[in-house]
Amino acid sequence: MALTDKQVKAAKAGVLIDGKGLRLKVTVSPAGGLRKNWLWRGKVKDGPVREIGLGAPDYVSLEAARKRARALREAAKAGIDPIAQRDQERAQKAAKAAKAM
């Protein structure tokens with residue numbers, strides 16, 4: 001069953017599943033507070049199962065996390081590894097920044 005904003009705010013330590021690969025992982029920080037992070041977990045077509053962080057609910061809304069998870073799911077179905085794609089984008093940005101200096 002899909003999560004609600006109220007459930008996200010009230011979440012305790014553990015993993016809450018929204019569905020279609022989207023989950024909210026809640027851990028206890030060393031200081032005793034709660035850390036919440038959106039994760040997408042899915043299988044790349046003819047490839048490995050991947051898990052990628054989408055950000056914290058303080059910065060990424062439930063709706064935005066669902067949209068991002070949908071895009072990752074579609075890319076994975078097409079055979080695009082989201083982690084490899086992210087790493088490639090980061091390398092391109094770093095190269096562009098280095099060139100600008």
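# Strands, hairpins and charges in a predicted model

Q: At which pLDDT do side-chain atom pairs count?
A: Residues are numbered from 1 along each chain as its sequence is written, and side-chain values use heavy atoms, leaving out hydrogens and water. This is a predicted model: totals for chains, interfaces and linings use all residues, local features need pLDDT of at least 70, and side-chain atom pairs count only at pLDDT 80 or more.

Q: In what order do the elements of the chain run from the N terminus?
A: The secondary structure comes to three helices and four strands. From the N terminus on, the order of the elements is α-β-β-β-β-α-α.

Q: Which residue in the turn between strand 1 and strand 2 has a positive phi?
A: Strand 1 and strand 2 (residues 22-28) run antiparallel and are joined by five bridges. Along this pairing, G14 stands opposite V26, and L16 stands opposite L24. The two strands form a hairpin with two residues between them, and the turn residue with a positive phi, about 55°, is K20.

Q: Which residue takes a positive phi in the hairpin of strand 2 and strand 3?
A: Strand 2 and strand 3 pair in the antiparallel sense over seven bridges. V28 has L34 in strand 3 as its bridge partner. The hairpin has five residues between the strands, and the residue with a positive phi, near 100°, is G32.

Q: How far apart are the closest N and O atoms of R66 and D18?
A: A salt bridge is a side-chain nitrogen of Lys or Arg within 4 Å of a carboxyl oxygen of Asp or Glu, and a search of the whole structure finds four. One of them joins R66 to D18, with the closest N and O atoms separated by 2.9 Å.

Q: Which residues gather in the patch of positive charge on the surface?
A: A patch is made of residues with over 30% relative accessible area and no salt bridge, with like charges joined within 9 Å and nonpolar side chains (Val, Leu, Ile, Met, Phe, Trp, Tyr) within 5 Å; areas come from the Shrake-Rupley method with a 1.4 Å probe, and for residues only the protein chains shown count as cover. Lys and Arg count as positive and Asp and Glu as negative, while His and the chain ends are not counted; the charge is placed at NZ of Lys, CZ of Arg, CG of Asp or CD of Glu. One member, K67, lies in helix 2 (residues 62-77). The positive patch gathers K20, K67, R70 and K77.

Technical notes
Two strands pair if DSSP finds at least two bridges between them.
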